[in-house]
Amino acid sequence: MTSEPERQHVRQMIGFLQDRMRSPDDTGEVIVRRQEVEEFARSVGMDEAEAWEIFRALKPSAWQGQYMDESRSEE
């Protein structure tokens with residue numbers, strides 16, 4: 001069973017992803033990097049690892065995109 005704080009974190013992550021989808025890059029793609037997810041987590045008082053797990057669990061149902069495993073590059 002999911003607790004209310006966990007549900008709130010999921011709603012926050014969905015909101016973050018929706019905001020990111022509103023501003024695609026020049027190619028029309030939206031790329032969300034792990035660093036961005038972690039920065040968002042810190043800004044709302046969420047644990048970074050928890051935020052990343054929520055992001056991965058939402059793929060791609062919440063944001064209707066294509067999920068690619070983490071890249072080791074800095075880009």
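**Aromatic pairs, core and helix packing**

Colleague: Are Trp52 and Phe55 buried or exposed?

Modeller: Residues are classed by relative accessible area: under 20% is buried, over 50% is exposed, and values in between are partly exposed (1.4 Å probe, protein chains only). By this rule Trp52 and Phe55 are both buried.

Colleague: What kind of model is this, and which pLDDT do side-chain atom pairs need in order to count?

Modeller: Residues are numbered from 1 along each chain as its sequence is written, and side-chain values use heavy atoms, with hydrogens and water left out. The model is predicted: totals for chains, interfaces and linings use all residues, local features need pLDDT of at least 70, and side-chain atom pairs count only at pLDDT 80 or more.

Colleague: In which order do the elements of the protein chain run from the N terminus?

Modeller: Helices (H or I, at least four residues) and strands (E, at least two) are DSSP runs, numbered from the N terminus. The protein chain has 3 helices and 0 strands. Its order of elements is α-α-α.

Colleague: Why does the pair of Phe16 and Phe40 tie together parts that are 24 residues apart in sequence?

Modeller: Rings of Phe, Tyr and Trp (its six-membered ring) pair if their centres lie within 6.5 Å; planes under 30 degrees apart count as stacked, over 60 as edge-to-face and the rest as tilted. Phe16 and Phe40 are stacked, at 4.6 Å centre to centre with 20 degrees between the planes. Both residues are buried. The pair ties these parts together because Phe16 lies in helix 1 and Phe40 in helix 2.

Colleague: What is the distance, centre to centre, between the rings of Trp52 and Phe55?

Modeller: Trp52 and Phe55 both belong to helix 3, 3 residues apart, about one turn of the helix. They form a stacked pair with 25 degrees between the planes, and the distance centre to centre is 5.1 Å.

Colleague: How are helix 2 and helix 3 oriented to each other?

Modeller: Their axes (lines fitted to C-alpha atoms over the stretch in contact, with angles from 0 to 180 degrees between N-to-C directions) are 8 Å apart at an angle of about 125 degrees. Angles under 35 degrees count as roughly parallel, over 145 as roughly antiparallel, 65 to 115 as roughly perpendicular and the rest as oblique. Helix 2 and helix 3 are therefore oblique.

Colleague: Which residues does Ala51 touch, not counting residues up to four places away in sequence?

Modeller: Contact means heavy atoms within 4.5 Å. Beyond four places in sequence, Ala51 touches Met13, Val37, Ala41 and Met46.

Colleague: With which residues is Val10 in contact, leaving aside its neighbours within four places in sequence?

Modeller: Val10 lies in helix 1 and is partly exposed, with a relative accessible area of 29%. Its C-alpha atom is separated by 6.5 Å from that of Ile54, 44 residues apart along the chain. The contacts of Val10 are with Ile54 and Leu58.
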